[in-house]
Every structure is written in structure tokens, then in C-alpha cells.
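Please keep the sequence and the model in view while I speak.

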Amino acid sequence: MPFFIAIALALVLTWFARRIGLATGLVDRPSPAGEGELRELKIHTVPIPVLGGLGVMLAVPATLLLEGRGLPLAITAGVVLATAIGLVDDARPLPASVRLVALAGAGVLLAFGLPLDPLGPFALLARVGTVVLVLLLANAVNLIDGQDGLAGGLGAIASTGLAALIIANDRDPLVAVALAGALVGFLAWNLPPARVFLGNGGAYGLGALLTVLTAQVTLGHGWHGLLAAGLCLGVFAFELAFTVVRRLVASQGLATGDRRHSYDLLGRSRGNRDRSTLALWTLGAVAAGAGYAADKVSLAAAGTMIAVAFVIGTAAGGRLWREATGIGSEGGRPVETPGLQERG
């Protein structure tokens with residue numbers, strides 16, 4: 001039932017967020033004709049509101065409240081801070097350093113709001129890891145959010161996989177279920193042609209909530225849980241690593257926008273972006289299934305699964321890089337991350 005409540009709430013709240021975006025001018029505008037490189041970074045032809053993530057971030061706590069639950073104050077504050085800095089950045093672009101510091105602050109709030117004390121000598125390491133994970137996932141989600149339906153779909157799939165892991169380890173899956181449902185509701189407005197974008201606020205907030213779910217899985221099954229959660233988030237991890245490595249290899253600024261992301265290259269090779277999105281959704285589902293399997297095998301076997309995924313990802317990244325080096329920028333909607341800015 002919480003899953004369907006979250007879908008219904010997100011459908012309505014995303015509609016309101018879209019209307020607010022249109023009314024206030026918080027939209028991602030197509031570049032004027034003739035603006036060269038900027039024009040090549042956009043595929044939409046009309047202004048699209050960027051407040052869709054606000055609908056998701058409101059639907060999750062609303063679902064929890066209707067179920068008589070709630071998140072601890074520090075966790076709520078961390079998610080709110082992550083979402084707020086993204087919303088501010090959507091309205092008025094902020095320096096990368098400001099975004100990074102604010103997201104790190106959100107990570108600190110999550111680190112001290114999560115029940116990590118039972119980890120004993122590993123509690124401090126877990127808190128540091130929480131801050132780092134918020135930064136990584138906020139970047140990863142925002143990089144993925146450059147194609148209609150992609151970030152929302154992959155987020156829903158990953159949340160479902162994490163919910164299954166939480167249930168398997170006798171923990172409360174309500175947050176994961178609510179997040180998965182809210183993202184499904186958001187997708188009704190974000191599937192091609194998108195009528196609203198997740199925006200930086202939604203991407204940062206989603207990164208924070210995925211961090212909370214990862215911590216929940218880890219607390220439920222230790223290193224097993226951490227490895228399993230990593231597999232569930234594998235597509236996000238791949239895109240982040242692929243983007244950083246190829247830009248460093250090409251001596252390209254990390255904050256420079258381009259259209260050589262994995263989904264862009266897959267769209268070209270498969271003939272259209274819808275097939276690219278479907279292919280990555282499928283990979284996300286396979287990754288979530290692998291994560292569930294990793295939770296059920298020995299720790300050594302789970303580590304081997306991670307190593308195999310790394311080898312496969314490296315090979316896939318190399319092939320995509322070879323394609324990227326022979327292709328110039330093409331049309332698409334740029335995306336933005338705290339340190340890897342790409343949204344116009």
C-alpha cells in the first residue's frame with residue numbers, strides 16, 4: 001500500500017511542482033538558435049520546469065507520515081539541505097565549491113542521524129563514508145539525469161532492489177518503498193517527451209536518500225550489505241566513473257558540458273534515445289538482481305561478483321570511450337553536478 005500511496009502523491013505533487021516551475025520561470029530553456037556549442041547540448045525545444053524532484057522529495061515524507069512514521073530529525077535535515085541547495089542552484093547557478101560544501105554538510109547530518117554506533121570501531125569510518133557517498137551519489141544521479149526518464153527509472157529500480165535487500169535482512173523497507181513509488185509517479189511526467197525534469201534539487205535529494213538506504217542495507221548485513229547495495233547502484237557508479245575518467249584522459253575540464261555520456265553514445269549506436277533508456281533500465285534491473293544474489297552468497301563470492309562487475313564495466317567503458325573519441329558533441333540536454341557541471 002505505501003508504494004501506491006507514494007505513486008499517487010508524486011503524481012499530484014509533481015504536477016503542482018511543474019505548475020510552480022512554469023509560473024516562476026524555474027525552467028530549463030532551449031538555447032536560442034545559432035548559439036553553437038550551447039545549442040548542441042540541448043534537445044528540448046520548449047522550456048521545461050526543473051522542479052520535478054521537489055514532487056518526489058515531498059511525496060516520500062508525506063507517505064511516511066500517512067503510515068504513521070517519520071525519519072529522524074538529522075536525516076530529514078540532511079535530505080532537506082541537499083534538496084534545497086539543488087533548488088537554489090536551479091534558480092541561480094552556484095559555484096561548485098559552494099555546492100560541494102553544502103552537500104558535505106548534508107552528508108554530515110545524515111552521518112550523525114543514522115544509527116551507526118553499533119558498528120563500534122567502524123562507526124567513525126562509516127560516518128566519513130556516508131559523507132563521501134552523498135557527494136558521489138549526488139554527482140552520479142545528476143550525471144544520469146540528462147535524458148528523459150533515465151534517472152527516475154534507474155532510481156526506482158535501485159530503490160526497489162535496496163528495498164528487497166532491506167526486507168531480506170529483517171529491516172523496515174518503508175523509506176525504500178516510498179522512494180520507489182514516488183519515482184514511479186514522477187516518471188509519469190518525465191517519460192519522453194518530458195514535461196518536467198528532476199532538476200538539481202531532485203538529483204541531490206535522491207542522492208541523499210539513496211545514501212540512507214545504502215546505510216540501512218549495510219547496517220542490516222555488514223560488508224555483505226555494502227557490496228550488495230553497491231551492485232544495486234552499479235549503473236550510477238558506472239556513469240560517474242566513466243565521465244570522470246574519460247574527461248581526465250581527454251584533459252577536459254570536469255565542469256565542462258558534453259554529450260558523450262554512456263546514454264548519449266548508446267542512443268547513437270541504437271538509433272534513438274528511447275532504446276538507450278530501455279537498455280540502461282535493463283542493466284539497472286540486472287544490477288539490482290545481482291545485488292540481491294550477492295547478499296545471499298558468501299562474502300568472498302560477493303566480492304568476486306563486484307570484481308566481475310568492475311571488469312565488465314571497464315570493458316564497456318573502454319568500448320564507449322573508443323566511440324566517444326570519434327564523435328563530436330551532439331544534441332541533448334546537459335546536466336549538472338556539484339563538481340561536474342553540465343546543465344544549461
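I shall go through the confidence of the model, its overall make-up, and then several local features.

This is a predicted model, in which local features need a pLDDT of at least 70 and side-chain atom pairs count only at pLDDT 80 or more, while totals for chains, interfaces and linings use all residues. Residues are numbered from 1 along each chain as its sequence is written, and side-chain values use heavy atoms, with hydrogens and water left out.

Let me begin with confidence. The pLDDT is the predictor's confidence in each residue, from 0 to 100. The chain has an average pLDDT of 87, and 89% of its residues score at least 70. Across residues 34–39 the pLDDT falls below 50, and this stretch makes five contacts in the model beyond near neighbours in sequence; a contact means heavy atoms within 4.5 Å. Residues 328–337 also have a pLDDT below 50, with 60 contacts in the model beyond near neighbours in sequence. Where pLDDT is low, the predicted coordinates should not be read in detail.

Next, the overall make-up. The chain contains 13 helices and two strands. Helices (H or I, at least four residues) and strands (E, at least two) are DSSP runs, numbered from the N terminus. Of the 344 residues in the chain, 49% are buried; buried means under 20% relative accessible area, exposed means over 50%, and partly exposed lies in between, with a 1.4 Å probe and protein chains only. Among contacts between residues at least 6 apart in sequence, 77% join residues at least 24 apart.

I turn now to helix α1, residues 2–24, where R18 is found. Neighbours within four places in sequence aside, R18 contacts P49, W189, R195 and V196.

The backbone also deserves attention. Most residues other than glycine have a negative phi, and most peptide bonds are trans. P192 and P193, however, are joined by a cis peptide bond with omega about -10 degrees. P193 sits in the loop between α8 (174–190) and α9 (199–232).

Helix α7 has 19 residues and reaches 27 Å from its first C-alpha to its last, close to the 27 Å expected at 1.5 Å a residue; the expected span is 1.5 Å times one less than the number of residues. Because 14 of its 19 residues are buried, α7 is largely enclosed by the rest of the structure. Just after α7, D170 takes a positive phi of about 60 degrees. D170 counts as exposed, at 74% relative accessibility.

Finally, the structure holds four aromatic pairs. Rings of Phe, Tyr and Trp (its six-membered ring) pair if their centres lie within 6.5 Å; planes under 30 degrees apart count as stacked, over 60 as edge-to-face and the rest as tilted. The rings of F3 and F4 are edge-to-face, because their centres are 5.4 Å apart and their planes stand at 80 degrees. F3 is partly exposed at 27% relative accessibility, whereas F4 is exposed at 56%.
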